[in-house]
Amino acid sequence: MAQPQDFGFDDDIVMLKDAANRFLGQRQTLVQLRASLKGTEDPYRGEERQGWYDPAAWQEMVDLGWAMVPVPESAGGLGLGLVAAVAIQEEIGRAACPTPLSSTLQATFVLKEAQADAHLAKIAEGSSMALALFGEDGAPDADSTTVTANGNKLSGTSSYVQDAQKVDGFIVAAKASEGLGLYWVPKESVTIHRDRIVELTRDQARIELKNVEAEVIAEPGSGEQVMARALPALLTLLAADMAGAAEWQLQTTAEYAKLRVQFERPIGFFQAVKHPIVNMMIAADETRSLVYNAACAYDHDPEDALRCARMAKASASETAAFCSNRSTQLHGGIGFTWESDVQIYHKRQMHSQFLFGDASWQRQKLAELL
Amino acid sequence: MAHPYGMAAKMTEQQSSPEARPEAREFREYCRRWLEENRPPPTETPLPQASYEVTYDDHRAYLCDWQAKCYEAGLIATDVPKVYGGHGYENFQSIASDEVRRSKVPYFLNWIGLGMVAPTLLIHGSEEQKKRFLKPIFSAEEIWCQGYSEPGAGSDLVSLQTSAVKDGDQWIINGSKVWTSLGSLASWMLLLARNDKQDKYNGITCFLLPIDQPGVTVRPIHKMTGECGFCEVFFENAIIADDLRVDDVGAGWKVAMSTLTSERGAAAGVGAVTHTESPLSSVRELIELAKTTKRNGVPVWDDPVWRDRIVKLYIRIEAIIQHARRAPIEALNGGAMRLPLQSKVVGSEIGQDLNATALGVLGMQSSLYVGDEHAVRNGRWPLGYMNSYTGTISGGSSEIQRNILGERILGLPKTK
C-alpha cells in the first residue's frame, strides 16, 4: 500500500511536535521531580517513593488537546493517527516527563482497535488509563496474564502496570473460558501494590482484582486479535519515547564534552570521546528513522505494521542501552551521581528497554516474518 | 568515493512513492521500459562486483558501449544542461539512477568521471572545459581517474606533496599518486598538486592531467582479493597546459572539498552507478543463504545466534533506507547535513558486517573462492568481504568520517 513519502508528518503535526517540545522544555519537570524525590534516595533507609507527576501539567496537556489527538472524531477526538501520537511521545521521552499521558496514549490505541468508543470518549474528556496486561513473569504479550474473567467479574493480579498511581482506571487483559478478553475497571475497584523500582520517572504496580465488576471492551475470545492489531502502536510509542530520550542523552553528552576540560583540552577533542559520541548519534538516528517508518506503516499499511514496529523497538532497545552506557561513562564521575540528570534518563531507558520485549525478543519475532 | 552501501542506498529501494509530477511518473516508466528492452547480453566471463575493479579490455569495451547507449537514452547526464551535452531535464537524474539500479543491468565504468569529475567541472570548470570534457565523460569515450591520495597523504589529504611548478603557460608536475582507481584504463586524471609548499591549505591547485604523455607512468596494484582495482601513478616532469587548471591557482583544496562533502555527493550528480546490488537485495540474499545452508543437517537460519545477527543487519539496512526518506524533511532531520554525512560510514560498515556475517553462515564453504566449481555464486561472499574494506577506508576512512561528524554536526572541538 502506498505510504506518504513524508511519513504523514504534515504541517499540523510538525506544529504539534514543536509545541510539545516547547511546553515540556518550559515545565522544568525534572526540577520538580527531584524535589519530590528528596529523602527517598537511599534504597535501604530512604522514605517510600510515590509516583510523582505534575497534575497541573497533565491538565494543561488535556486542555491543549494532546490526549484526544489519536481519539477518533466519532468519540470526540481529533482523529489523528499514530504519527501524531508519536510526535508527542518522542517529546515526552526527550523531557523524561512523568505523565499519565504515556499510558493513556497506549490505551487509546487498544481502545481504537477494540472500537470501544464509549471509553475513547472518556479519554477525549480528560480521563487517564493504563494497560494491565502482563503476568508475573512479565512476558511481553497479553497472553501472559493470570487474571481470570468469570462473566464480567475479574479476579487475579496483573503485574508490571505502568503509571498505576497516576491513572483513573485500567484496561485489564483477562482469560475467560472462551479466550482472552479486555476489560475496563476504575482504579477504586482494585488494590494497587506499588513496586519499588529503579526508574524514577514512572511508577509501576501490581494491581489486585478480587471478583471485581468490569466493563467489557473486547469480548472473551477477541482480545488476542485486538491486542495483535494494537501491538505495533504500543511498540512504536515506546520506541518513540526512547528515541527522544536517546537524543537528549546524545546532546547532553556532546555539550559536556565541549565544556569539560582535561589535559588542557575539552575532552571532546579526544577521539576516544568524540567517536563514541558520534556512534550515539548514529544509533539514535537509526531508531528515529525506524520509529517514523513504523508509525507511518501503522497509519497507512496495517499489513506491514508489525514488521516495522518490531524493527523500531528492537533498534530502540539497542540504542537506549548504548546511549545510556556511553552517556554515563563519558560524563565520568559526575554522570554516576544522583545529582546528575544523566542517571534519570539512564534509568528510564533501562526500564523502557524491556517493556513489551527487549531487542532480541523483537528480532526473534521479526525473524518469523522474514 | 562511491561505495557499496552509502550514497547508493540513498537512492534505492524506495517504496514506489506517488510521483509528485505526472512527467516524472512518465519518465520513470520510460526508463523502466528502455532498460528492459535494451538489457545487454551477459559478458563471457563475469564482470567484477563493482565498477572500480574492472581491468580487462573486453570488459572495458563492453561497459563503455553500454554506458554510451545509456547516455544516449537519457539515463546519464539527465539533468545537465544541453549546452554541455546533457539532456536538460529537471530533477530526473535520481529517477533514472534509481531505475538503473533496480533493473540490475551492468554498472557504469566511468564512475569517477560521472561521480567526481563532472560535478567538479560543473561547479568550478571554465566554460571551455565544460564544453570540451563533459560529453566524453558521459559517453565513456574518455575514462577518468582521480589523483588525490599519495603515499604520505591518505586520510590527511591536505599533506599532499606532488608539486606543480609554473613554467610559462604550462605546469611541470613531479611526484606520485596512489590508490588510483581505473588508473590503467583512464586517459585523464583529476589531479591535486601543490603549487606552494608554505601554504598548506591555499597552496594546492586542481588540474586536468592528460595521462598519455612521457612524464606519466601508471603501475597497477593488486588488492588483497588478487584483483587489480587500482594503480600507483608516477610523475616525472609531466606537463599540463595552464588552460587545464580548474579554478584559481591555490583553490584546489576548496574545489576538492566542495565535491567531497557536497550533500548530493558523487552518485546523485550526473548518474554514476557503481554497483548493481543494493543493501536490501544483499540482506535478502543473505537470509536465503542462511535458510538454504545446512550445518549438522539444520539450516543456519534455525540457529538463533546467527539468525539474530542477520536480523540485526536487516534492521539497520531498513534504517538507512528510511534515512533517505527522512533526510529531506526539515522538521525531522536534525539539520540538513546530519543524515547525509552519516551515509558513508554507516553504509560501508553495515556492508562489511553483512559480508562477514555471510562468511559465518557459509562456514567452511566460505573458503571456496572465485573459479572453484563448488563456490557459492563464484566466491561472491569472500570477495565481497575483502572488497568491503574499500568502503570503510577509501574516500575518507570511517575514523575520519567520525571526526567530520563529531566536528561538523555535534560541534565537538577539531582534532587537527
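This report covers the domains, interfaces and salt bridges of a predicted model.

## Domain layout

Chain A has three assigned stretches: domain 1 (11–128), domain 2 (131–221) and domain 3 (224–367). The assignment for chain B gives domain 1 (7–142), domain 2 (145–260) and domain 3 (279–409).

## Chain B against chain A

The two chains meet through 41 residues of chain B and 44 residues of chain A. About 3800 Å² is buried between chain B and chain A, and carbon and sulfur atoms give 61% of this area. Seven salt bridges run between chain B and chain A. The interface of chain B and chain A also has 24 residue pairs in polar contact, with both residues at pLDDT 80 or more.

Four helices of chain B each supply at least two residues to the side that touches chain A: H9 (279–292), H10 (304–326), H11 (343–362) and H13 (398–409). H10(B) gives the largest share, 13 residues. By residue type, the side of chain B that touches chain A divides into 19 nonpolar, nine polar and 13 charged.

Two of the cross-chain pairs can be named here. Glu407(B) forms a salt bridge with Lys274(A), with the closest N and O atoms 2.5 Å apart. Glu318(B) forms a salt bridge with Arg307(A), and here the closest N and O atoms are 3.5 Å apart. Glu318(B) sits in helix H10 of chain B, and Arg307(A) sits in helix H9 (residues 302–330) of chain A. Glu318(B) and Arg307(A) are both buried.

## Domains 2 and 3 of chain A

The C-alpha centres of domain 2 of chain A and domain 3 of chain A are 28 Å apart. Domain 2 of chain A puts 18 residues into the contact, and domain 3 of chain A puts in 17 residues. The buried area between domain 2 of chain A and domain 3 of chain A is about 1500 Å², with 72% from carbon and sulfur atoms. On the domain 2 side of chain A, Pro140(A), Leu200(A) and Arg202(A) lose the most area to domain 3 of chain A, together 34% of what that side buries.

Zero salt bridges are counted between domain 2 of chain A and domain 3 of chain A. Polar contact links four residue pairs between these domains of chain A, both residues being at pLDDT 80 or more. The touching side of domain 2 of chain A holds 11 nonpolar, three polar and four charged residues.

## Domains 1 and 3 of chain B

In chain B, the C-alpha centres of domain 1 and domain 3 lie 25 Å apart. Contact involves 10 residues of domain 1 of chain B and 15 residues of domain 3 of chain B. The buried area is about 1000 Å², and carbon and sulfur atoms give 53%.

Here too the salt-bridge count is zero. Two residue pairs are in polar contact, both at pLDDT 80 or more. The side of domain 1 of chain B that touches domain 3 of chain B has four nonpolar, two polar and four charged residues.

## Salt bridges within and across chains

Over all chains, the structure holds 45 salt bridges. Glu247(A) and Arg288(A) form one at 4.0 Å, N to O. This pair links helix H7 (residues 223–259) of chain A to helix H8 (residues 271–300) of chain A, 41 residues apart. Glu247(A) and Arg288(A) are both buried. They also belong to a network of salt bridges that includes Lys17(A), Asp285(A), Arg326(B) and Arg338(B).

In chain B, Glu99(B) and Arg32(B) meet in a salt bridge at 3.0 Å, N to O. Glu99(B) lies in helix H4 (residues 93–102) and Arg32(B) in helix H2 (residues 22–38), 67 residues apart. Glu99(B) counts as buried because its relative accessible area is 2%, under the 20% limit. Arg32(B), at 30%, is partly exposed.

Key. Residues numbered from 1 in each chain as written. Chains lettered and ligands numbered in written order. Predicted model: local features only at pLDDT ≥ 70, side-chain atom pairs only at ≥ 80, totals over all residues. Heavy atoms only, no water. Domains from an automatic or database assignment. Contact = heavy atoms within 4.5 Å. Buried area = accessible area lost by both parts, 1.4 Å probe. Salt bridge = Lys/Arg side-chain N within 4 Å of Asp/Glu carboxyl O. Polar contact = N/O pair within 3.5 Å; in protein donor to acceptor, adjacent residues only side chain to side chain. Nonpolar A, V, L, I, M, F, W, Y, C, P; charged D, E, K, R; others polar. Buried < 20%, exposed > 50% of the residue type's maximum accessible area, 1.4 Å probe, protein only.
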